[in-house]
Amino acid sequence: MPQSTSRTGRAAPTPLPTIAAGAARGWRDYALLLALACCWSSTYPLAKLALDTIPPITFISVRSLVAAAFLFAILRMRGVRIPTDAKAWKLFATQQLINSTFPFLIITWSQQYVPASNTVVLASTTPIFAFLITSLITRHEPATLLKLLGAILGLVGTVAIVGLDALRGFGSEIVAEIAILLATISFACATIFGLRLSDYDPMVVAAGSLLFGGLVLLPPSLVIDQPWTLHPTPQAIAATIVMGIVSSALGLMLFYMCLSRLGTLTTNAQGYLRIPIGVALSVVLLGESVPSNLALGLLLVMAGVAAMTVPAERLKLR
């Protein structure tokens, strides 16, 4: 049940919520999960269009600031104010660092040395790390073997989609590959830490986090990239704006809504849904070829997502 919020967009802070095994979930909750996957699936093709003429640090900073401005405008129309207390901003800052700033910079650096297919496979281990952290450390929700099976099936399906050739290059750039794994662990921690923000309006959390992330990267962008010397193409500018609104603003807002309604392990299932959707967008927007094992990979991915999202009690015979 949604919690009431004040005009500051939040209620009184509470400890890390626990997700009950039998929590009722409707089709709207799963529709939000699919919408989140669609928003974040646009990241790869849009980033590829933008990064041709905009350096990574400037790109991430501008994208975050565009997203924050978009959300602030909506919050103003809604009459909701961003909290001004230090505790709230400490939570926003921590969440942004582990969910965006740190992992995105690490992955961007690593992609200079690791092929895109290998990066996709390594990044798809996030649900498995989330399962291990939940099962062994936080235990804030049931970490069933069915969910672990789903995470493994989703990973196998991802490998099938990007191709078995993606496995052959592993180990050649071990430092960069370990860095990507650290980024995925950071993503997994962010899905768990994000539950601490469940008492805040999801739009408030997204706006505050994105504003912090954009401002943190602005000084290094000015010093390193010197944006005034850049000559981005109209296509790159459009891709940055669209990605800021769709992937960052709407995506992050949906992410916090899914966390509060579905929990961390089920929310992580969207990572696998993004693979086939992202492939489809790359084929349409970038003219890339259709992977030969797409059908098999899609079947495995959907089986994995089903195992991670369907409550175990629904599978019992009655």
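The structure is a predicted model, in which local features need pLDDT of at least 70, side-chain atom pairs count only at pLDDT 80 or more, and totals for chains, interfaces and linings use all residues. Residues are numbered from 1 along each chain as its sequence is written, and side-chain values use heavy atoms, with hydrogens and water left out. The protein chain has 13 helices and 0 strands.

**Overall fold**

- Along the sequence, the protein chain reads α-α-α-α-α-α-α-α-α-α-α-α-α; helices (H or I, at least four residues) and strands (E, at least two) are DSSP runs, numbered from the N terminus.
- The protein chain has 318 residues, and 47% of them count as buried. Buried means under 20% relative accessible area, exposed means over 50%, and partly exposed is in between (1.4 Å probe, protein chains only).
- Of the contacts in the protein chain between residues at least 6 apart in sequence, 91% join residues at least 24 apart. A contact means heavy atoms within 4.5 Å.

**Aromatic pairs**

- Rings of Phe, Tyr and Trp (its six-membered ring) pair if their centres lie within 6.5 Å; planes under 30 degrees apart count as stacked, over 60 as edge-to-face and the rest as tilted. By this rule there are 5 aromatic pairs.
- The pair of Phe 92 and Tyr 200 is edge-to-face, because the ring centres are 5.7 Å apart and the planes stand at 70°.
- Phe 92 belongs to helix 4 (residues 86-110) and Tyr 200 to the loop between helix 8 (174-193) and helix 9 (202-225), so this pair ties together parts that are 108 residues apart in sequence.
- Both Phe 92 and Tyr 200 are buried.
- Trp 40, Phe 255 and Tyr 256 are linked into a cluster by ring pairs.

**Surface**

- Accessible areas come from the Shrake-Rupley method with a 1.4 Å probe; for residues, only the protein chains shown count as cover.
- Phe 102, Trp 109, Tyr 113, Ile 174, Val 175, Ile 178 and Leu 182 make a nonpolar surface patch of about 680 Å². Helix 4 and helix 8 are the elements that give two or more residues to this patch, and helix 8 supplies the largest share, 4 residues.
- Patches are made of residues with over 30% relative accessible area and no salt bridge; like charges are joined within 9 Å, and nonpolar side chains (Val, Leu, Ile, Met, Phe, Trp, Tyr) within 5 Å. A salt bridge is a side-chain nitrogen of Lys or Arg within 4 Å of a carboxyl oxygen of Asp or Glu.
- Tyr 113, one of the patch residues, sits in the loop between helix 4 and helix 5 (116-123). Tyr 113 is partly exposed, at 42% relative accessibility.

**Two buried threonines**

- Thr 58 is part of helix 3 (residues 56-78) and is buried, its relative accessible area being 4%.
- The side chains of Thr 58 and Ser 221 make a polar contact (2.7 Å). Leaving out residues up to four places away in sequence, Thr 58 touches Ser 221, Asp 225, Pro 227 and Leu 230.
- A polar contact is a pair of N or O atoms within 3.5 Å; within protein, one must be able to donate a hydrogen and the other to accept it, and residues adjacent in sequence count only if both atoms are side-chain atoms.
- Thr 240 is in helix 10 and is buried, with a relative accessible area of 3%. Not counting residues up to four places away in sequence, Thr 240 touches Ala 50, Ile 54, Phe 59, Val 62 and Arg 63.

**Partly exposed residues**

- Leu 211 lies in helix 9 and is partly exposed at 24% relative accessibility. Residues up to four places away in sequence aside, Leu 211 touches Leu 65, Ala 68, Phe 72 and Trp 89.
- Leu 211 and Leu 71 are 140 residues apart along the chain, and their C-alpha atoms are separated by 9.8 Å.
- Leu 298, in helix 13 (residues 294-309), is partly exposed with a relative accessible area of 34%. The C-alpha atoms of Leu 298 and Thr 158 are separated by 8.1 Å.
- Gln 226 occupies the loop between helix 9 and helix 10 (234-262) and is partly exposed at 35% relative accessibility. Gln 226 has a phi near 50°, a positive value in a residue other than glycine.
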